[in-house]
Amino acid sequence: MSDLLAVGVPAHTADAVAGVRITPVDAVGLEQRAAALCTRSIKSSSKQAALDLAIRVMDLTTLEGADTAARVQALCARARRPDAGDWSVPPVAAVCVYPELAPVAVDALAGSSVAVASVAGGFPAGLAPLESRLAEIAWAVAAGAGEVDIVLNRSAFLSGRYQQAYDEIVAAKQACGSAHLKVILETGELGAYDQIRRASMLAMVAGADFIKTSTGKIGASSTPATALCMAEAIRDMAEQTGRVVGLKLAGGIRTAKQAWHYQVIVGETLGLGWLTPERFRLGASSLLNDVLMQRAKLRDGRYQRREDFSVD
Amino acid sequence: MTERLAVNKTYKQFIGGAFERSESGRSYPVVGAGGELLAHAVQGSRKDVRDAVAAARSAQGGWAGRTAYNRGQILYRVAEVMESRRDEFAAEVARAGDGCDHSAAAAETAAAIDRWVWYAGWADKFATVLGGVNPVAGPYFNLSVPEPVGVVGIVAPDEPPLLPLVSRLAPVIVSGNTAVVLASERGPLAAVTLAETLALSDVLAGVVNIITGRRDELVPPLADHAAVDSLDISGCDSQQSANAARQAAATITRVVSASAAEQQWAAEAAQSPYLIDAFCETKTVWHPKGR
Amino acid sequence: MTEPSASGGKLAPTGELSLDYAPAPESIAPVRLASQYGLFVGGEMLEPVRERLAPTVNPATGEVLAEVSVADAADVDRAVAAARSAWEGGWRDLPGAERAKYLYRVARLLQERAREFAVLETMDGGKPIRESRDVDVPLAAAHFFYYAGWADKLDYAFSGRRAAPVGVAAQVIPWNFPLLMAAWKLAPALACGNTAVLKPAPTTPLTALLLTEVLRDAELPAGVVNIVTGDDATGAALVSHPGVDKVAFTGSTEAGRVIGAEVAGTGKRLTLELGGKAANIVFEDAALDQVTEGIVNGIYFNGGQVCCAGSRLLVQESVADAVVGKLRRRMDTLRVGDPLDKNTDIGAINSQAQLDRIAELVASGVAEGAELYSPPCELPDRGFFHPPALFTNVSTAHRIAREEIFGPVLSVLTFRTAAEAVAKANNTPYGLSAGIWTEKGSRILWMADQMQAGVVWANTFNRFDPASPFGGYRESGYGREGGRSGLLPYVGLVA
């Protein structure tokens with residue numbers, strides 16, 4: 001396939017983007033493989049590391065219209081020290097907020113390893129005028145966000161205007177400057193795994209540092225099969241071009257067990273090298289407590305009571 | 001030492017997996033062969049019919065989406081659960097019927113259970129028998145498969161109260177249809193007890209909905225309902241049948257009625273894969289063959 | 001960034017994180033084994049005769065699990081007589097609906113005791129518990145459930161004819177799917193009103209013997225099913241017994257030839273399910289990541305000890321490198337080892353003899369110039385194990401491209417056009433199964449038409465269902481098991 005590696009030639013056809021080949025996806029086979037990966041058992045000595053990894057790759061998220069500075073500050077406090085009673089619990093990877101609240105998070109997280117991620121670019125629909133979307137991205141970066149989560153223009157993508165969808169991501173990447181760009185595909189709206197694979201390739205070739213499943217704003221969320229589909233796209237990208245792109249899974253991830261399943265999917269598909277915060281993120285608002293509960297179970301040997309953990 | 005006082009059962013309708021009284025709040029007395037009061041059954045209304053059709057409609061995709069093997073196992077489960085409550089069913093049938101002695105009631109119950117078993121076995125076979133490849137003259141693959149028609153309204157025969165109901169219901173749901181059943185007006189209690197068994201047998205909520213009450217009041221809204229795809233009017237008298245068929249014509253609803261042979265309820269003739277087919281559409285798929 | 005994956009065979013730890021999976025051995029607690037087993041004849045477990053016992057071994061450890069009777073001609077005679085008497089004494093005249101109820105009971109009892117059967121199957125045969133738990137045992141129950149449903153519907157299976165039972169069926173089954181093959185044989189035979197004498201394979205008799213408890217609990221009339229364990233001589237005595245009306249055999253093509261000759265001229269009915277050398281054909285437009293899974297499932301399922309295994313991979317040249325690359329990478333993540341471990345993908349080879357045969361053919365592949373790849377993996381230090389193997393640079397003349405290996409060994413060949421793929425795929429005396437991978441529907445159907453094979457899987461592989469007929473063309477045998485077609489070997493059609 002080396003003759004297909006003419007990267008940089010925009011050829012946004014159905015089965016190749018910029019010369020990178022897009023293989024079709026068989027839904028039945030994909031879902032069977034994903035389900036099989038979710039049956040793997042974990043060694044108890046590895047469990048602690050897996051739970052800690054789930055925390056270290058977590059983008060602790062709040063994206064509500066009712067968010068306030070106080071709420072974001074409380075979230076940042078948890079992000080730095082997820083369990084006040086157990087100092088061995090590592091901090092999370094990032095806190096993810098709306099741009100307006102990014103400065104609050106930047107202040108609250110100063111001096112910590114926790115990054116500030118901001119959604120931008122007309123999140124969650126991405127249908128604001130392009131100029132304002134790009135301005136919002138630039139504003140978030142100027143406000144101190146080190147990571148920017150934008151959405152793919154599904155309107156353009158689903159109507160076949162791949163070039164427009166691609167160009168907008170290229171422009172967003174430029175607006176980001178040195179900040180990391182995560183592109184949300186909103187897989188629940190794409191309708192088929194073939195489309196998810198195509199959108200993954202398009203976003204990666206256009207410059208995404210991460211591709212991400214969902215906004216969390218529609219019913220459909222991240223699923224094991226979706227994660228596998230995107231991981232396979234990332235693997236093809238790496239194999240065909242050498243470029244490393246990260247994977248962020250978000251939406252509906254609430255239990256440590258789900259987090260473990262996603263680690264298996266990414267680890268088996270892309271290799272252990274992908275299981276770091278630089279290449280793998282879990283976006284979640286309610287996952288942390290379950291992970292902490294399982295961690296406490298591991299420590300104390302008994303099942304935990306949900307009420308004993310922080311409500312923030 | 002006083003004799004223990006019995007705790008009597010309340011007989012309700014079965015809609016969307018829940019046992020409910022009528023929205024109208026009405027009931028009517030059900031009497032046994034000797035004229036004694038057996039219970040007050042719910043006297044359902046046209047709004048109950050509407051709700052039942054809505055429940056059947058929303059359950060249909062999920063039921064048809066189950067594998068045939070799974071539907072077969074669930075129907076077999078119905079037989080298993082009925083078997084464990086055989087005496088209860090036999091007593092119910094005996095109390096309701098005119099001059100129906102206990103052994104006849106037990107025989108009817110056994111036949112009803114066996115009928116579920118028989119149709120359970122068809123779940124993953126009727127498409128083999130009724131569908132197939134059509135050798136068309138050209139480079140095409142051409143396959144016909146029976147598919148469930150959708151929501152089926154069933155006016156259950158008036159008596160006996162159990163076996164005819166099962167004989168009409170099982171072939172409807174085995175293929176993936178959902179049903180709204182108007183129970184026997186005279187003897188609705190066995191139908192409600194059947195509903196209780198269905199609720200314990202992994203039959204999805206809304207797949208079978210059972211309304212009790214007055215035929216004259218309930219058949220018209222069922223026959224008229226645009227979301228009912230097929231109608232089994234085996235339990236209608238000739239006047240009700242004619243009216244129902246006329247109403248059904250407006251929405252091109254398929255109308256089916258038990259033949260004289262099929263009404264020999266205990267006989268082999270009352271069960272048939274062609275009865276499953278009567279509540280199916282045939283879908284034919286064409287696809288070219290070529291490099 | 002040249003090597004995108006740090007993934008090794010065991011997902012070795014890098015840095016602080018390790019994805020080591022737990023050794024997750026399935027508990028053997030539900031399995032209660034006797035030290036010696038007799039034959040099951042006329043509804044009774046006979047007392048074992050000490051002089052005629054043979055050990056059955058756990059291939060993952062080499063340990064003896066139990067000693068099992070080796071039936072001789074006299075034993076076979078008794079078993080056939082018991083089957084005959086059960087047939088004439090009522091089973092053949094029992095209404096179909098009642099036969100159905102017995103089979104439904106068997107299905108349900110198998111479902112209830114599923115875990116016990118799965119663990120025992122894995123202990124006796126070496127297949128991964130994941131497969132015996134998720135495939136063998138549920139499918140066995142499903143077969144009984146499916147054919148139960150036919151027992152009272154035979155009038156609808158063959159329109160215009162009445163289906164009459166044949167009599168006593170002699171059924172000889174292999175070691176690769178012991179319980180499942182017993183179900184494939186017994187369920188249709190009994191549903192159609194026949195009685196049976198079943199002979200399990202010498203290395204895997206235990207689940208068939210456990211099945212006798214299920215038959216007893218289902219209150220199946222005595223003699224309807226008889227189980228004679230033993231060796232090749234037992235099998236020969238059974239198929240050549242004059243009291244047998246029908247012979248059903250699953251096993252090697254060589255044994256099939258012998259049985260065919262034995263049965264010739266006796267008037268016995270015969271069905272054979274024999275070997276295979278399936279082509280798994282990948283076109284360039286296929287969904288390559290699912291293709292990879294399909295190839296892996298096609299050849300490494302049950303360690304390749306499957307008659308319909310996709311042992312010849314035919315890849316269109318334009319994607320050959322990509323497919324082989326993905327395949328090698330996927331092979332690196334396969335876990336070989338303790339079959340009772342829930343994370344194990346490839347368990348033990350069934351016997352030392354089979355392991356020797358696989359090793360011999362692999363050596364021939366290397367000697368004939370094909371290129372061998374096996375992922376680095378540690379094999380257990382006891383038991384019979386073989387790593388997954390992949391041969392490239394294979395020509396159609398190589399032994400590994402022609403002979404059935406019956407092990408985790410895949411031979412890769414390439415093609416340029418669909419016509420070439422067809423020619424290579426059919427270039428074998430076998431004709432059991434084939435796989436086609438392409439996103440183009442019309443090509444699937446065209447290719448399916450060209451395949452000389454009894455089962456053609458498109459964009460999947462190794463799928464089995466009681467409703468779907470299975471069986472071979474040419475030297476892969478004749479007769480079908482499964483579906484309506486699976487009734488035919490067990491009925492006589494009368495006007």
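A disulfide is a pair of cysteine sulfur atoms within 2.5 Å, and by this rule the count over all chains of the structure shown above comes to zero. The structure is a predicted model, in which local features need pLDDT of at least 70 and side-chain atom pairs count only at pLDDT 80 or more, while totals for chains, interfaces and linings use all residues. Residues are numbered from 1 along each chain as its sequence is written, chains are lettered from A and ligands numbered from 1 in the order in which they are written, and side-chain values use heavy atoms, with hydrogens and water left out.

**View 1. Two cysteines, B:Cys236 and C:Cys377.** B:Cys236 is buried, with a relative accessible area of 12%, whereas C:Cys377 is partly exposed, with a relative accessible area of 25%. Here buried means under 20% relative accessible area, exposed over 50%, and partly exposed in between, computed with a 1.4 Å probe on protein chains only.

**View 2. The interface of chain A and chain C.** In this view 41 residues of chain A are in contact with 39 residues of chain C, where contact means heavy atoms within 4.5 Å. The two chains bury about 3,200 Å² between them, 51% of it on carbon and sulfur atoms; buried area is the accessible area (1.4 Å probe) that two parts lose on being put together, summed over both.

**View 3. The salt bridge of A:Arg40 and C:Asp345.** The closest N and O atoms of this pair are 3.2 Å apart, and the rule for a salt bridge asks for a side-chain nitrogen of Lys or Arg within 4 Å of a carboxyl oxygen of Asp or Glu. Across the interface of chain A and chain C, seven salt bridges are found.

**View 4. The interface of chain C and chain B.** Here 26 residues from chain C and 26 residues from chain B take part in the contact. The area buried between these chains is about 2,300 Å², of which carbon and sulfur atoms give 61%.

**View 5. The salt bridge of C:Arg108 and B:Glu80.** The side chains of C:Arg108 and B:Glu80 meet at 2.9 Å, N to O, and the interface of chain C and chain B holds three salt bridges by the rule.
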